Amino acid sequence: MNAKNTHKRILLSKNQSGQLEYCEACDVVEIEIGPVSVRLHAQDLQLFSVLIQEAEMHLGYYKSEKSQAEINVLKMEGIH
Ligand SMILES: [Zn+2]
């Protein structure tokens, strides 16, 4: 058994933003985003996934609140 086979990487997911590979020997997930790569324990992948999902959700809230605030400003300006 050589080291290359032991550390065979399994592609878990890939899209335009980057890719995720899993090394079973290390039980590590490697996230590659452009030139940056981040290694996570496989058990932390779910937490990381929640982190991203919450960020996306909160960004959506922030943007919709911001546009709502702008609409309110326009309404107030309309009063005068
Ligand atoms: Zn490995």
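Tyr22 has Val29, in strand 3, as its bridge partner. The two residues belong to a pairing of strand 2 (residues 18–23) with strand 3 (residues 28–33), antiparallel over 5 bridges. Strands here are DSSP runs (E, at least two residues; helices are H or I, at least four), numbered from the N terminus, and two strands pair if DSSP finds at least two bridges between them.

This is a predicted model: local features need pLDDT of at least 70, side-chain atom pairs count only at pLDDT 80 or more, and totals for chains, interfaces and linings use all residues. Residue numbers start from 1 along each chain as its sequence is written.

- The order 1-2-3-4 describes an open sheet of 4 strands with antiparallel pairing.
- Strand 1 (9–15) and strand 4 are the edges, each with a single partner strand, so one side of each has no neighbour in the sheet.
- On average, neighbouring strands of this sheet are turned by 20° against each other, direction ignored; axes are lines fitted to C-alpha atoms (for helices over the stretch in contact), with angles from 0 to 180 degrees between N-to-C directions.

**Other strand pairs**
- Strand 1 pairs with strand 2 in the antiparallel sense through 6 bridges, and Leu11 has Glu21 of strand 2 as its bridge partner.
- Strand 3 and strand 4 (residues 36–41) run antiparallel and are joined by 6 bridges; Glu32 is partnered by Ser37 in strand 4.

**Hairpins**
- Between strand 2 and strand 3 the hairpin has 4 residues, and Asp27 takes a positive phi near 55°.
- The hairpin of strand 3 and strand 4 has 2 residues between the strands, with Gly34 in the turn at a positive phi of about 55°.
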